[in-house]
Amino acid sequence: MLTTLKNINALPVRTWRRLGVNGETLDIEFPEPRVFPAPKPALPEGITRAHESVLVCAEFKSALGEELSAYTRVHANAGVRLRALKGRPPTEPITASYTLTAEHPALVDNNVIFAEAHSEITVVLIYGGGAGERGFHSGLTRVIAENCAVVRVVQLQCFDAGTRHFSDFSAVIANGARVELTRIELGAGETYAGCHMKLEGDKSEARTDTFYFGDGTQTLDFNYVARHLGRATKSEMNAAGALFGSCGKTYRGTIDFVAGAGESKGAESENTLLFSENSRNRSAPVILCGEENVEGSHAASVGRIDEGKLYYLRSRGLTETDAKRLMVGALLESAMKNVPESERERLRAVLGERIG
Amino acid sequence: MSGEDKRALIPDEPDDAAREMYDTKGVMKPRFQVSSGLTSEIVSAISDEKGDPPWMREFRQQSLAVYNETPPPDWGPPLDGLDMEQIITYVKPDARMEARWEDVPEEIKDTFERLGIPEAERTGLAGVGAQYDSEVVYHSVKSEVADLGVVYTDMDTALKGEYGEMVRQHFMKILPPREHRFMALHGAVWSGGSFVYVPDGVEVTIPLQSYFRFNAAGAGQFEHTLIIVGKGSSLHFIEGCSAPKYNVANLHAGCVELYVGEGARLRYSTIENWSKNMYNLNSKRAVVDKNGIIEWVSGSFGSHTGCLYPMSVLRGEGARMDYTGITFAGAGQNLDTGAQVVHAAKNTSSRISAKSISKGGGKSTFRGGITVAREATGCRVSVSCDSLMLDSRSRSDTVPVMDVRCDDVDIGYEAKIGRISEQAIYYLMSRGISEDDARAMIVNGFAEPISKELPLEYAVEMNNLISLEMKGNT
């Protein structure tokens, strides 16, 4: 059934409609829910399976859109539910890998990560494969980080160009806890990704690193919000990417300092390299501030590769394509801090192939 | 309930006490005014009173139709307190338009003299226009400027005189009534304002100024400013405005249309100091031809609610826009200001430098819109936005958007938000300066990049306004 969803990736404050960043309206043909074959990851000591009910104590907000979030919760056919036990030392990353196929073209994964106080957990979610135009993914990851816990989530997406890909992330972060989200978006025909970091506890921290690559007629649409509620909280949002072909990218990043969030700091940066006169790049770096004693900053740069750098690289014998690979690859590297070594080479190869 | 009781009540704020210079109410009775509300009959009555030519009569009625079918904006500050049924859209003062200051009626003269307008004319202006409520009451231009072919007159004279066809060709062409609800309103009930025409190759070296004074309670002011600067010419135009405060909502929905010719340069400076019961929903737009330059210098201090985002359409190759603005939102104020630019041609460039200060529960928002069209290769954009929060009862938001449809661009954007450094205050206090003065000095320093862009007397006025707003900060 065709459903019309409004306010996908809605900007927290509306602005001129003609700029096209207030939020998207999409017609979505939701697939029939079928079991998705995904091996359950092995759990190291200190990590157990969690029940979704652990989330009832927190109020999550969806940056992607509440309707889509509700759909994913109700129709999930996959997902990991993890609980990091109190005070346990950090473990190896827990990896869940999903591949779309013609037989299983629709993935709806509902992921729950509950980190008890003073625990540490890293979760890697790998998405790939495809099923042409039938490819569909809607993922929701909700995180609770209790006092002084550390949670790292890495999402690596290399779906084929026919796939419609929705990714929603929401975290509630307690005193002294830290949540980091890494997103590498290298595939899919349409990507809509939201992230809402609720810095509820004092001295809580959030960080996002996003890399995107667009070509052909791809749509890349992001909406990130860091909401500072506790005192002395800290957020850092970094996004970088490259646009080829006639793709369109929209990046909304909002730092929201709520009254009472004194001594908090928020910083955001975006660096977009443009390689096509036909691409469209939209950025909306927003700061909302209801507290005096805070520091918020934004920086963005949009443009071609610096001619001087390109000339230098070519004078060292690199072809233009090699130079582009190098420059875009540098942006990818800057986002891969939390990506396991075993995955980095694969991502570099995928990117190199796309640019080539 | 009486008619007046239905109007939105605007509470007095503590800071208002120090504004007598602006708040002194005029005693003049209007010669004519329409009843409150907005109907076809009211619009016709304005046309009748002004003696509009047929095309303008029709234009007003068409604009009214657009207004009636256009919803209010779904973004920006709330406009709930603005009820058009309670707004009087046309108030004609009991005075004719005069070219000699001595001929202006005493009551009006007193008002402008308190504001220093004639003094400013004597000391450093090429021409002055003064509007009182809905109509211009004084206009003059120095003979040496007029001798160069520069036309500076009120819109009524231009509309009905030898420049009527030029007005018709340009009137609400770059800011049409369909632009938004308040432009449609403007098209229906506009009155007053200035017309400036600078012929090709003429440099006007001293500024022209129009000053808008609003005296009637519960009324609206809808002046129209149309400036055409010819090829290779230059002009500095200054706009000032003020009104006494009433406890009912007033509305200002002016329209400024600027045409900057090839290689021409226009600086448009505004010190906005409306009273704090004003809804200031003003629209300004410039189109700039090849190698032309538009410079906006803007200080927003007054109004209860303000929406002001001058747009520059850089349609000629090598055209340039420069925006320097400061907004000071105090108690009870919600000021939503910023700039918009459309890069529509090759090698165009723009620079936006915006500063805002929020204090005493005031809310300031910087809103920006940068659009780069596919044709605008080689364009450069630089946006910098600094916000200062003076307490935690206030708000300061920054909402810039960049929409880029071409790859050969160089765009840089940076924004910062923060408070006054305690260290800096401590340092100044250790040198014997009181805390209030130390804060005012720091805020004045913060505003310095804007004040240095203004002629000296206006920079002094702006610094006085900041000092006024800063009083009793600690």
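Q: B:K284 and B:E239: buried or exposed?
A: Both are buried. That label means under 20% relative accessible area; exposed is over 50%, and partly exposed lies in between (1.4 Å probe, protein chains only). This is a predicted model: local features need pLDDT of at least 70, side-chain atom pairs count only at pLDDT 80 or more, and totals for chains, interfaces and linings use all residues. Residues are numbered from 1 along each chain as its sequence is written, chains are lettered from A and ligands numbered from 1 in the order in which they are written, and side-chain values use heavy atoms, with hydrogens and water left out.

Q: How do the side chains of B:K284 and B:E239 meet?
A: In a salt bridge, 2.9 Å from N to O. The rule asks for a side-chain nitrogen of Lys or Arg within 4 Å of a carboxyl oxygen of Asp or Glu. B:K284 sits in strand 15 of chain B and B:E239 in strand 10 (residues 234–242) of chain B, so the pair ties together parts 45 residues apart in sequence. Strands here are DSSP E runs of at least two residues, helices H or I runs of at least four, numbered from the N terminus.

Q: OK, what about B:R285? Which residue does its side chain meet?
A: B:E179, in a salt bridge of 2.6 Å, N to O. B:R285 is in strand 15 (residues 283–288) of chain B, and B:E179 is in the loop between helix 9 (164–170) and helix 10 of chain B, 106 residues apart. B:R285 counts as buried, at 9% relative accessibility. B:E179 is partly exposed at 33%.

Q: And helix 10 of chain B: how many of its residues are buried?
A: 9 of its 9, from residues 181–189. Among them are B:F182, B:M183 and B:L185.

Q: Switching to the interface. How many residues does each chain give to the contact?
A: Chain A gives 41 and chain B gives 41. Contact means heavy atoms within 4.5 Å. Together the chains bury about 3,500 Å², 49% of it on carbon and sulfur atoms. Buried area is the accessible area (1.4 Å probe) lost on putting two parts together, summed over both.

Q: How many salt bridges between chain A and chain B?
A: There are 5. One named pair is A:R17 with B:D74, at 3.3 Å, N to O. Strand 18 (280–289) and strand 19 (294–303) of chain A each supply at least two residues of the side of chain A that touches chain B.

Q: Which strands pair with strand 9 of chain A?
A: Strand 7 (residues 120–129) of chain A runs parallel to strand 9 over 10 bridges. Strand 11 (residues 178–185) of chain A is also parallel to strand 9, with 8 bridges. A:Q157 is the bridge partner of A:Y127, and A:E185 is the partner of A:Q157 in strand 11.

Q: Last one: which residues of chain A are linked in a salt-bridge network?
A: A:E120, A:R152, A:R178, A:E180, A:E205 and A:K337. Over all chains the count comes to 49 salt bridges.

How values were computed
Pairing = 2+ DSSP bridges.
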